[in-house]
Amino acid sequence: MSWSEKSASYLGLGSVLAVALCTLWLALAGHLDLYINPRYSVFTIVLAAVAVPAAVAGLVVVARGHGHTHEDEHEHGHEDEHEHGPRHDVERAGRARRATRTVLGGVAALVTIGVTVAMLVLPPTTLSARTAQQRSVDSATLSNATGSQNVALLGSTNVDTSEYGVKDWAALIRQTTDTSALVGKEVRLTGFVVPGEDGAFTLTRFVISCCAVDAQPVGIGVVTEGSVPDEDQWVTVTGALAANPDQSSDARLVIRAADVERIDQPTDPYEY
Amino acid sequence: MTSAPTRPVATRSLTGPGLVLLAVVALLGVRLLSPAVGASGLPNVLQDFLTLAISVVVESLPFVVLGIVLSIVVEVWVPVGALEKVLPQRPMPRRAVISLIGMLFPVCECGNVPLARGLMMRGFTPAEAVTFLVAAPILNPLVIISTAQAFGWSGWILPVRIVGGFVIANLVGWIVAAHRRPEELLLPAFEARCRAAIGAPRARNRWRESAAQFGGETATMMPALFVGAGLAAAIQVAVPRSTLVSIGANPVLSVLAMMLLAMTVSLCSNVDAFFALSFASTFLPGSITAFLIIGPIIDVKMIALLRTTFRARFLVLLAVVCVLFAGMVGLVMNVLV
């Protein structure tokens with residue numbers, strides 16, 4: 001095998017090894033849920049544990065020269081068989097194609113190394129309020145995964161809402177037709193701040209069904225007498241549901257905050 | 001490439017993996033010493049891009065590894081002729097059975113690329129491998145279960161997804177089989193490798209062959225996976241999702257919007273049903289079904305992965321056929337259901 005064939009294998013195996021080890025570290029440190037839904041943790045951990053010895057074995061075999069020829073290297077020739085035309089044109093086209101492929105391969109290698117290094121060196125973190133805004137916190141896209149029977153029962157006040165998260169309340173507020181049943185309900189919710197207009201902000205959480213790519217922001221409007229915290233600040237809001245002073249909004253209820261407590265980011269920043 | 005060259009094992013030959021291991025260990029050391037979580041001071045755009053790209057890689061890697069392991073099993077460990085014996089001989093029923101093989105493999109789309117490569121190196125025709133490639137991510141036990149969990153056994157979404165996946169796979173397989181020279185749809189280098197692999201004597205040391213295969217497949221798949229993840233993340237950061245989502249109620253536009261969303265989000269087919277569920281209240285069922293049919297077959301991550309094996313002309317063909325099919329199914333459902 002040539003040097004470039006080997007380096008392609010080293011890149012592939014090295015990135016597998018790095019990502020698998022980092023996955024295992026994330027799992028040990030309890031931060032795997034920053035990237036994926038805990039539902040898939042076990043599967044991910046098991047396959048990461050398989051990948052580590054496989055990658056090491058691959059490295060050893062490739063180093064000893066038993067590896068497979070990487071495909072990109074001897075591509076020309078076959079491709080040119082079907083070309084008709086002056087010989088030098090064919091050659092020039094082949095050269096141009098090889099050059100393009102080399103550049104693309106280089107870019108792919110750079111992306112691979114860059115993302116792998118970023119994954120290992122930068123501390124894992126949550127998505128920011130910027131993404132929440134861009135994915136429209138206020139749109140009524142999220143259907144209720146907690147079951148709509150709760151809405152009907154709420155009037156009877158027997159339902160225990162103390163375990164409800166931002167997702168549950170946001171879904172409830174969107175679904176219910178009789179908002180008067182909810183006005184005055186005491187809530188205590190934690191989320192981060194997406195700023196709104198004068199004295200209002202949206203208390204937001206991301207909901208993850210698979211991994212961070214599908215993160216869907218959910219939020220409840222908060223009206224406060226005090227100062228609005230900074231964007232991305234995590235807060236615990238205590239207050240009661242009230243009619244939304246902004247009549248034009250889709251959401252007809254907001255939280256009238258009695259207290260907005262600034263807190264550190266919780267260990268489980270996402271809802272599922 | 002199965003037999004060992006006679007070159008002696010010099011210590012020099014171990015410097016390569018030594019350096020790779022050293023780099024990985026050094027980076028892990030940085031990871032262990034620096035704070036576990038927190039802001040790195042990067043601008044939000046860049047930080048979110050990295051978080052999204054890494055999450056795609058973390059989510060996809062297990063499936064890619066599983067796919068490579070299964071492809072090694074198919075190529076190196078399953079005896080010659082064992083798989084071929086149980087398949088029908090005539091092309092159409094043969095492809096129909098192959099499209100159902102996915103039921104046995106809980107692998108989503110990214111793992112199916114290495115698996116389909118393994119099948120072709122075993123001697124399957126491109127048409128058969130493509131049929132498997134399109135069918136398996138939809139007709140697979142985990143996908144069916146997760147779709148059922150999300151949407152229930154009743155309703156049209158689950159049956160239309162399953163039947164639609166079967167039909168589109170055999171349709172694409174039939175088109176490829178009808179192609180003048182199907183092998184022209186493959187990258188020449190991969191085709192050459194298949195030609196060399198088919199009929200070659202099986203390796204004596206199967207474990208070493210397996211490890212070598214793992215190295216070769218990761219060399220091809222990993223850069224593609226990272227590029228796919230980077231593209232998916234870049235699109236997520238650059239294009240506001242709200243513009244797509246705001247057209248949910250229109251029966252025609254909402255199908256297009258959901259297909260576009262599926263192609264840009266690049267979710268794994270094992271879990272895309274739960275994501276689609278979050279749009280169920282605003283989008284019509286046909287649009288959701290179009291999302292669930294197109295997503296496993298073609299998206300930006302898959303395009304990067306498929307480019308390791310297929311020429312661009314095949315990707316164009318696949319995209320056009322699948323978009324037309326999924327769009328038609330979605331529209332018909334929106335109108336009828």
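Residues are numbered from 1 along each chain as its sequence is written, while chains are lettered from A and ligands numbered from 1 in the order in which they are written. Because the model is predicted, local features need pLDDT of at least 70 and side-chain atom pairs count only at pLDDT 80 or more, whereas totals for chains, interfaces and linings use all residues.

Chain A is assigned domain 1 (3-121) and domain 2 (129-271), with bounds that come from an automatic or database domain assignment. Five residues of domain 1 and eight residues of domain 2 of chain A take part in the contact, where two residues are in contact if their C-beta atoms, placed from the backbone, lie within 7 Å.

Between the chains, 82 residues of chain A are in contact with 81 residues of chain B. On the side of chain A that touches chain B, two or more residues each come from helix H1 (3-29), helix H2 (41-63), helix H3 (87-121) and helix H4 (129-134), and H1(A) gives the largest share, 19 residues. Helices (H or I, at least four residues) and strands (E, at least two) are DSSP runs, numbered from the N terminus.

A:Asp232 lies in the loop between strand S3 (216-223) and strand S4 (234-243) of chain A. Most residues other than glycine have a negative phi, yet A:Asp232, which is not a glycine, has a positive phi of about 75 degrees. A:Asp232 counts as partly exposed because it has 19 C-beta neighbours inside 10 Å; a residue is buried with 20 or more other C-beta atoms within 10 Å of its own, exposed with 12 or fewer, and partly exposed in between, with C-beta atoms placed from the backbone.
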